[in-house]
Amino acid sequence: MKEFDFVILGGGCAGLSLAYELEINKKLKDKTLAIVENRDEYKRDKTWSFWKVTDHNFDDCVIKSWNNFSINSKFGSHEIENKDYPYQTVDSGLFYKKVLTQIKQNKNIQFFKTIDQLNLNNSFIFNSIATKGNHEVNFWQHFKGIEIETPKNIFDEEIFNLMDFDCDQRNNVHFFYTLPFAKNRALIETTWISKMDDKSLNDYDFQLEKYIKETLKIKNYKINYQEEGAIPLFYPLNQKENNKINIGTAGGMTRLSTGYTFLNIQDQSKYITNNIEKIQDTKIYHIGKKYTFLDNIFLNVLKNNPDRMPKIFLNMFKASSKTVIKFLSNKSNIFEDLSIILKMPKWLFIKNIF
Ligand SMILES: Cc1cc2nc3c(=O)[nH]c(=O)nc-3n(C[C@H](O)[C@H](O)[C@H](O)COP(=O)(O)OP(=O)(O)OC[C@H]3O[C@@H](n4cnc5c(N)ncnc54)[C@H](O)[C@@H]3O)c2cc1C
């Protein structure tokens, strides 16, 4: 059995982001790291998008970034300009290639398919493998996206559509999300915020085809890439153990009201790297207790009043775009929080605190 100073369980976004951050900061010159990952190959499997409110290591993996976005609902369309924080989309295929090329140069880092080849007794463990449980009762953001290519130039590549609620809601919260990478190429996602027990919502292909043909009025297209996933809108128990901390989704890095996780993972990797010499005595990195509190109220409102959510989202974005983006990216100050809270229907939110 082999022994390592550090073990990362799961070489996905969080595991590889941490390994990369440790490596470029030369924390693995005299320390060893094992990464346990069971996938057979690395290829593009996700498209990570976020407002760039902090620096990260993966600007060169960005497919495209935008300074303008829109939100649509049956009440109309709202266009928002945002020069301060571009919205970036990272190609996971480019991310995996960049990280693997860098870390494979260090002989102190080794990959394993399973944990049984390792003796973990004296290692510090960073775990990104979420525990499986009966989570059907909880809320998830679940979706399918397809990247389509059209023979003609159709898309306005200067502006992306964050949410289009003008679609079938089926007593849940449902929207389409369109990222135009070029005039003839876009990622289009159908996204639901709901429990996972209603399988009737999973006819994603039908939803996408209907939206593309009837709403976007695109008749001819080919599908170049597709992705499907479900992001938990609840936190796993995140207790600190003596020799183990959870990272990534398993470590509570998802913003519950939005599903955004990627940039929080980058911040968590930097925090761990800065504290790696005394990691056993370091507090767990948290995205902010106030956001957990506010997001839980938001999700309660959403569970009890799905029909009101399109208007609530639309109103939220009527605050200054810089403020909303900082709030949704957990970088807002108390005054910015207040200006968002004041845009919400107050009694509805107060009722849902309890
Ligand atoms: C399709 C999709 C799109 C997303 N888009 C966005 C986005 O646009 N913006 C955003 O901020 N967030 C997004 N997210 C949320 C989040 O950023 C991603 O899920 C991100 O990949 C989370 O990183 P992670 O390391 O926690 O999990 P993962 O990246 O899933 O990594 C976990 C790793 O563990 C491995 N593994 C699992 N079980 C085992 C086992 N038993 N043994 C060994 N290895 C194992 C898996 O193969 C995987 O590589 C998206 C999620 C999905 C699913």
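At what angle do helix 1 (residues 13-24) and helix 4 (residues 262-274) pack, and how far apart are their axes? This is a predicted model, in which local features need pLDDT of at least 70 and side-chain atom pairs count only at pLDDT 80 or more, while totals for chains, interfaces and linings use all residues. Residues are numbered from 1 along each chain as its sequence is written.

**View A. Helix 1 against helix 4.** The two helices (DSSP runs of H or I, at least four residues, numbered from the N terminus) pack at about 40 degrees with their axes 9 Å apart, the axes being lines fitted to C-alpha atoms over the stretch in contact and the angles running from 0 to 180 degrees between N-to-C directions. Residues of helix 1 including Cys13, Ser17 and Leu22 meet residues of helix 4, among them Phe262, Ser269 and Thr273, where contact requires C-beta atoms, placed from the backbone, within 7 Å.

**View B. Helix 7 against helix 8.** The axes of helix 7 (residues 321-328) and helix 8 (residues 334-341) come within 9 Å and cross at roughly 105 degrees, and the two helices are therefore roughly perpendicular to each other. Thr323, Val324, Lys326 and Phe327 in helix 7 meet Glu336, Asp337, Ser339 and Ile340 in helix 8.

**View C. The shell around the ligand.** The ligand is surrounded by 27 residues, the closest being Gly10, Gly12, Ala14, Gly229 and Gly248, each counted if its C-beta atom, placed from the backbone, lies within 6 Å. Strand 3 gives the largest share of this shell, four residues.

Technical notes. Angles under 35 degrees count as roughly parallel, over 145 as roughly antiparallel, 65 to 115 as roughly perpendicular and the rest as oblique. Two residues are in contact if their C-beta atoms, placed from the backbone, lie within 7 Å.
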